[in-house]
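Morning, everyone. Let me put the model on the screen, and then we go through chain-level numbers and some ring pairs.

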Amino acid sequence: MYRYDEHDLRLVQERARQFRDQVARRLSGALSEEEFRPLRLQNGLYIQLHAYMLRIAIPYGLLSSAQLRKLAHITRTYDRGYGHFTTRQNLQLNWVRLEDVPTILDELASVEMHAIQTSGNCVRNVTSDPFAGVARDEDVDPRPYCELLRQYSTFHPEFAYLPRKFKIAVTGSRHDRAAIAVHDIGLRAVRDATGGIGFEVFVGGGQGRTPVLATCIRTFLPERHLLSYTEAILRVYNQLGRRDNIYKARIKILLNELGAAELTRRVEEEHARIADDEGLVLTDDEIQRVARHFEPAVYEQLEASPTIDGLVLGKDRTLARWVEANVVGHRTPGYAIVQISLKSERLPPGDATHAQLDAVADLADRYSFGRAVVTHRQNLVLTDVKISDLAALHADLARVELASPNVGRVTDIVACPGLDYCDLANARSIPVAQDVAARLRSLETEQDLGPITLNISGCINACGHHHVGNLGILGIDKLGEEFYQLTLGGDHTETAAIGKILGPSFAATEIAGAVERAVRAYLALRTDRSETFLAVVRRVGPAPFKEAVYGAHSTPTQRTAA
Amino acid sequence: MALIRRRLSAPLREPRSSDYEVVDTDAWLAIADDAALPAGDVIVSLSRFRAERELLAQRGARIGVRIPNDTAPDVLAELASSVSLLAIELPTQRDGRAYTVARWLRQRFGFRGELRAVGKVVRDQLSYLARVGFDAFELSRGSAHDALASFDELSVHYQASSDQPLPLWKRAARG
C-alpha cells in the first residue's frame, strides 16, 4: 500500500498544527462560527445533533493493521468505543469533543492518516474498488491513480471552495464495485489495443434529491492526462456551477442545464489549453513510482485443494453459508477474497467496536498481509487469505461477532446514521435497518434469497444510497412523523439504475413488513434460484411487486402523498 | 483597511511569510463612481473604466480596476493587457470563483500586474489565494501582522499553480 514519504508526512503534521490553531482561535472567539465553519468542514468536522462528528479519510478504503489499531485506540480514547464506516469508505466518530480533534489529528498523522477534505465543498476522498489488485476481472489496478488524484486534490488552492462537494471514484474492472455511475467524476481504467492505459470518463452522476447517472464524456483519456482533464472539469465547474441554491449546485445540475455536449465542449476547450502543461501532465516514471507502492503481495505456491466450491459443499453448513456469501475468488490460485460483514444483529450497519477493529487488525496480520479494505457497502475485506485458512479465520471472526454470512444478501443493509445522529435527517435509519434485518434473517437462511442490495437513507441527501439499492428505503418527515418510501430496481454496478418509487410511503412500524412482502414476491416470481432479485424486477417490472406490497395492506392513511 | 502585499523583491514561489509585508500607506486610491478623480494611482469600477478609459489613460498615473469574481474570460483578456492592477471581489468566503479567475489571469492571459483580493478576505484563505496568483490582500477583519503567519502553516504543496509551475514530484525526490 502507499507509504508516506517525508513530504506526505510533513503535510499531515502541519495540517494538524494548523487546525489546532484554528480551533484555538474559534474557542477564543477570534473566529466566528460562520468563519470557522468552512474551515472545520474542510477537515471533516461537522456539528451533529448531539456532538461534533469527525470523518476520517480512508483513501480508496485501504487500511494497514497499524492504522486499524490506531483507529481502535482513537475510538476508545476520544469517543465511545466504536466507529461507523461510511458509504464513501471513510470512518466517522460520532461523539468527539472539539478540543480533542487536533490531538486526534496528531494521532492519525502518526499512522499516515488524516481527515483532510472529508467534507466541505471540495474534492472529497477518492474511492475505489475494494477488490483492487486481486480481482479476477481487473484490467488495471486503480489504486495508483487514486493516490495520484489524492495528492493532486489535497489542498488544491483553486478548488477548495467549489459550488458543492465533489466526489471521484475509480475502478479498473469490468464489474463496477466502486459505484462510479453515481459520482461527480467516475473513471474506469481500461487498456487500448496496444496495451496503453487510459480512462473512460463519466461526469455528473450523483444521488441526493436529484439522482442522476453519470454521462460518458471521453471514451479513452490517456493516463498521462488524468490530472489535466480532472483540472479542466473542475475549472469549468468552479466557474459555471450554480451558487444560488445548494440543492442545484452539483455538477450533475450544470450538466443538465448546459447539456452534455456543451459541457463536454467547454471541458475539452479548457483541456486543450492545459493538456501539455508540465505542471499537470503525468510521466511514466511518476505513474510507476506510485504504482510500486501497490505491488502484489508475495504469494505462496499453494496446492489446488481445498477450493472455495469444496467448502461451500462441505459438511460444516455454518462455514459453508459464510463462504458462499462472503468469500470471492482471487486471481492467485489457493487464495480467496474474504468480505467481513459489519451487519450483525447487535450493532447498527457499518459500525465496528474498538475491540472488533483491533481483532480485524490481528486477523489481517495473521491471514492477509496486514491489510484490510473498507467497502462502499460498509463492510470490510481481507483481500489475500489462503483458502486453507478460511475455516480458522471464520472461527476467529465468529468470536468477535464478525461472521455474519450475509454479504450482498438482503440483511447486508447499507444505512446512513439517520436521525439518531444526523442533523440533516428526517427519519431514523438504524432502527429500520434492524427491524428489516430481524424480519428477513430467517427467511434468508431458509430460502437462499441470493444477492439483494437494500439501502436506507434517513433523508433526501441519500447518504445511504437508497436510489441505487435493489430495494431502497427513504425516510421522510410528514407533519412531524417518520414515514418511509420504498423504491425498487436500483443498481450501483456497471448496469447502474435509479430505483423507482413503488407507491405510497409507510409508517415506521410498517416498512419492514412491506420489504418482506416484496422479497416474498420475488421468491414467488423467480424462475429458479439463479434468477436474482434484480433480474426478476427487470423481467416483470414493478406491477407484481406493487400488488404484493400494497394489495391487502393498503389503507387510506398510507395512500396520502408519497 | 489592513493590506498585505508580496514584497517587490520576493521571488515567485510558494507562500512564506517572509515574502509578504503589511502595507501601511497604499499608493492606490479606491475611487467611488461618483467621486472626482484625484491625482495618482486609482482603482475604479469596471463600468467607470469603460466610460472614462481615455481620460484615465491621459492622467499619467497607473490604472486599477475592481471586477466581480464572475467576470467573463473575454473581459479578463482585455483587462489583462490594459491595466496595472486588478482587484477581484470575493463576495463570501464560500464563493470560490475568484480562484479560477486569478488562475486564468495569470496563466491564460499573462497578467503581470498586481492582483488584489478584496471583499470577504480572511486569513485562512491567504495561502490558497497567494498560490493561484493573488499578491495583495485587503483583509476584511483581524490583525494583518498576525495573518502573515498563515503563509507558513503548510510548507508542502503537491500541485503546480500560479506560484509554482511544477508539481511536487517534479521538484523533489519522492519515496
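What share of the contacts in chain B with a separation of 6 or more comes from residues 24 or more positions apart? The share is 47%, where contact means heavy atoms within 4.5 Å.

Ground rules. This is a predicted model, with pLDDT of at least 70 needed for local features and 80 or more for side-chain atom pairs, while totals for chains, interfaces and linings use all residues. Residues count from 1 along each chain as written, chains are lettered from A and ligands numbered from 1 in written order, and side-chain values use heavy atoms, without hydrogens and water.

Chain B, overall. Its C-alpha trace spans about 60 × 35 × 30 Å along the principal axes. Of its 175 residues, 55% count as buried, meaning under 20% relative accessible area with a 1.4 Å probe, protein chains only.

Now the rings. The whole structure holds 15 aromatic pairs over all chains. Rings of Phe, Tyr and Trp (its six-membered ring) pair if their centres lie within 6.5 Å; planes under 30 degrees apart are stacked, over 60 edge-to-face, the rest tilted.

Take Phe19(A) and Phe36(A). Their centres are 6.1 Å apart and their planes at 25 degrees, so this pair is stacked. Phe19(A) is buried at 0% relative accessible area. Phe36(A) is buried too, at 0%.

Next, Tyr145(A) and Phe199(A). Centres 5.0 Å apart, planes at 80 degrees, so edge-to-face. Both Tyr145(A) and Phe199(A) are buried.

Last one: Tyr299(A), Tyr335(A) and Phe369(A) form one aromatic cluster.

Conventions:
Buried < 20%, exposed > 50% of the residue type's maximum accessible area, 1.4 Å probe, protein only.
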